[in-house]
Amino acid sequence: EIMNKKTYKIGLLFCLSVFVFLTGLVVYEKFNENNRDIPVVSMNPTPTETETKTEEKIAKPYAGEVQVARSFYDQSDDAEKQGKSLVLFEGVYRPNQGADFTSNNKAFEVLASLSGTVTSKKEDPIFGLCVSIESDNGVTITYQSMSEVTVELNAKVKQGDVLGKTGENLYEADLGNHLHMIVEKNGNVLNPEKCFDKTTKEL
């Protein structure tokens, strides 16, 4: 009888131990399951796309009512438009290597289409006052036929800064007071009108 009681107690303790063990195992599994999908929060999160600096898009070099006086000579244009994109100078017709803008023969402010550095500032006897600005991505925009330039050589300018005012030149005297704009990238001359609202990478 004593042996039976001992055997019973041992069996009861064994069952109780198994129960406690299994209960602990279930609780442990539940705990892991609940914490398995908890995301790890980084103390130094990387910036999102919206937080990164947005690249500038090439803006028009003027504000207000300004019209295109003469377009860039584009080989993909039809013959009629190409004919209107020729410049007659000293009895010779030449393809227009930029775009010309006018405001009813009145002077208007010239604005920087891109931020960058003033790499050239000169007075040319044929093209008038000229200023060139190169962006960080290697795109150079030259503004010609200006009556005054208000930025200095090697100066840093921001998009929209006033560069000066339009004027006249000998090369396109028929246009009167106007702005001649040239856009270059990697040695190629581009159509300024097709560059507007595009980033330098999209050119």
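Biologist: Hi! Is D197 buried or exposed?

Modeller: D197 is exposed, with a relative accessible area of 56%. Bear in mind that this is a predicted model.

Biologist: Where is D197 placed?

Modeller: D197 sits in the segment after helix 3, which covers residues 192-195. Its phi is positive, about 65°, although D197 is not a glycine.

Biologist: OK, what about E90, where does that one lie?

Modeller: E90 is in the loop between strand 2 (86-89) and strand 3 (92-95). Phi of E90 is near 55°, a positive value in a residue other than glycine.

Biologist: And why does E90 count as exposed?

Modeller: Because its relative accessibility is 64%, and the cut-off for exposed is over 50%.

Biologist: Switching to the inside: which residues touch the most other members of the largest nonpolar core?

Modeller: Those are F101, I141, Y143, M146 and L163, out of 25 residues in that core. Strand 8 gives the largest share, five residues.

Biologist: Nice. What is M146 in contact with, leaving aside neighbours within four places in sequence?

Modeller: Its contacts are V110, L129, V131, L163, G164, K165, T166, G167 and L179.

Biologist: How does strand 8 pair with strand 10?

Modeller: Strand 8 (residues 139-149) pairs with strand 10 in the antiparallel sense, over three bridges. One of the bridge pairs is E148 with K165.

Biologist: And how many bridges join strand 5 to strand 10?

Modeller: Three, linking residues 109-111 of strand 5 with residues 162-166 of strand 10, and the two run antiparallel. There, L111 stands opposite V162.

Key
Residues numbered from 1 in each chain as written. Predicted model: local features only at pLDDT ≥ 70, side-chain atom pairs only at ≥ 80, totals over all residues. Heavy atoms only, no water. Pairing = 2+ DSSP bridges. Helix = DSSP H or I, 4+ residues; strand = E, 2+ residues; numbered from the N terminus. Core = buried A, V, L, I, M, F, W, Y, C linked by side-chain atoms within 4.5 Å. Buried < 20%, exposed > 50% of the residue type's maximum accessible area, 1.4 Å probe, protein only. Contact = heavy atoms within 4.5 Å.
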